Amino acid sequence: MKKLLSLLLVLVAALALATSSALAADIALVTDVGTIDDESFNQACWQGVEAYATANSLSYQYYQPAADSTDERLASIDQAVSDGAKVVVCPGYLFGETVATAQELYPDVKFIAIDVSAGDLNTDALENLYCAVFGEEQAGYLAGYAVVKDGYTKLGFLGGMAVPAVQRYGYGFVQGANDAAVEMGTPIEIKYTYGGQFFGDANITAKMDGWYSEGTEIVFACGGGIYTSAVEAALAHKAYVIGVDVDQHYVGEAAVADYGYNPFVTSAMKGLQAATETALAKFFDGNWADIGGKIETLNLQLGDYVGLPTAETSWCFKTFTMDDYNAVLAGIKDGSIVVSTDIENQPTVDASVTVTYID
């Protein structure tokens, strides 16, 4: 009996080791509340992990928390660390409290928090934590400028929750649209609202339907899954949307068969994948000290971290050209065009620009 028990214990231990080895990964990604195919933060950061790990023959794994809570996100990080992860990627502002705690619990593990700001963290970043945020106001500016230059005069901004990143997108959008309208001498109208959530529903679809019925031509849908309501309403009116965070043109391709067109004119993007790959390279190349303990704003002054998609398949403007885009992009980079980061005060606009803020 003792020999049998001993044999069983050995088998259990071997099975546990095999299971652990199967899950063991150099790089781990923990999702926020979604999945790695969410067409947004999780997916873009996961693509960065995949690309870097594959190119450098490293193992990688993702973990999805059981619920939307700090405790569950910490439990996933604990599992990743137990499985041997040397570096953990955490996408989205919801990780603020989580990484603030994790950096102290696991001092020998490095954490890459994408789009986690100082306000989200609410403490100092320790040496084993790197936080990257983005110049959303610059991406929003480019989108607003481009669509007005392309001939749209009745615009909308649908934000998710009024968190700083969404506000910067929105106020940048207003600034860009304003500057293009002034250059062209064309009066424009902008309706501006927040949905108070990051998902679409019947109420938000009804609001967007009302906007399009009243003549709104294009809406910047900025807030995770809230874009679904804007798209649904846009398709009912043969109108248009602007995507956010990633190039969402491919999402609109599903509408072509039934509606005869893709409603996504462009997308205001963050370099989520590029930021993930760059930070991973710093760690595995032995240069973590360059970024450890920092909360860094990635904008056009530091690299091509924000912008509009330039792939031919995603360039859906009628008259706004790539040369036009490159000119305004260069202006932001060299400082001749300054996009305000102020979100405490609504952007100042020309008398020809009407912005209606709607609760």
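**Cysteines.** I searched the whole structure for disulfides, taken as pairs of cysteine sulfur atoms within 2.5 Å, and the search found zero. The model is a predicted one, in which local features need pLDDT of at least 70, side-chain atom pairs count only at pLDDT 80 or more, and totals for chains, interfaces and linings use all residues. Residues are numbered from 1 along each chain as its sequence is written, and side-chain values use heavy atoms, with hydrogens and water left out.

Cys90 is buried at 0%, and Cys131 is buried at 0%.

**Aromatic rings.** I counted pairs of Phe, Tyr and Trp rings (six-membered ring for Trp) with centres within 6.5 Å; planes under 30 degrees apart count as stacked, over 60 as edge-to-face and the rest as tilted. The count is 25. One cluster linked by ring pairs holds Phe157, Tyr169, Tyr171, Phe173, Tyr192, Tyr194, Phe220 and Tyr357.

I also noted a charge over a ring (NZ of Lys or CZ of Arg within 6 Å of the ring centre and within 35 degrees of the ring normal). Arg73 lies over the face of Phe95, 5.8 Å from the ring centre.

**Sheet.** Helices (H or I, at least four residues) and strands (E, at least two) are DSSP runs numbered from the N terminus, and two strands pair if DSSP finds at least two bridges between them. I found an open sheet of six strands with parallel pairing, in the order E2-E1-E3-E4-E5-E11. E2 (60-63) and E11 (295-298) are the edges: each has a single partner strand, so one side of each lacks a neighbour in the sheet.

E1 (residues 27-30) pairs with E3 (residues 87-91) over three bridges, and Ile27 has Val87 as its bridge partner in E3. Helix H3 (residues 70-82) packs on the sheet and touches E1, E2, E3 and E4 (110-114); contact means heavy atoms within 4.5 Å.

**Loop residue.** Where is Val349 found? I located Val349 in the loop between helix H13 (322-334) and strand E13 (353-358). Val349 is partly exposed, at 28% relative accessibility. Leaving out residues up to four places away in sequence, Val349 touches Val174, Asn178 and Val355.

How values were computed:
Buried < 20%, exposed > 50% of the residue type's maximum accessible area, 1.4 Å probe, protein only. Axes fitted to C-alpha atoms, helices over the stretch in contact; angles between N-to-C directions.
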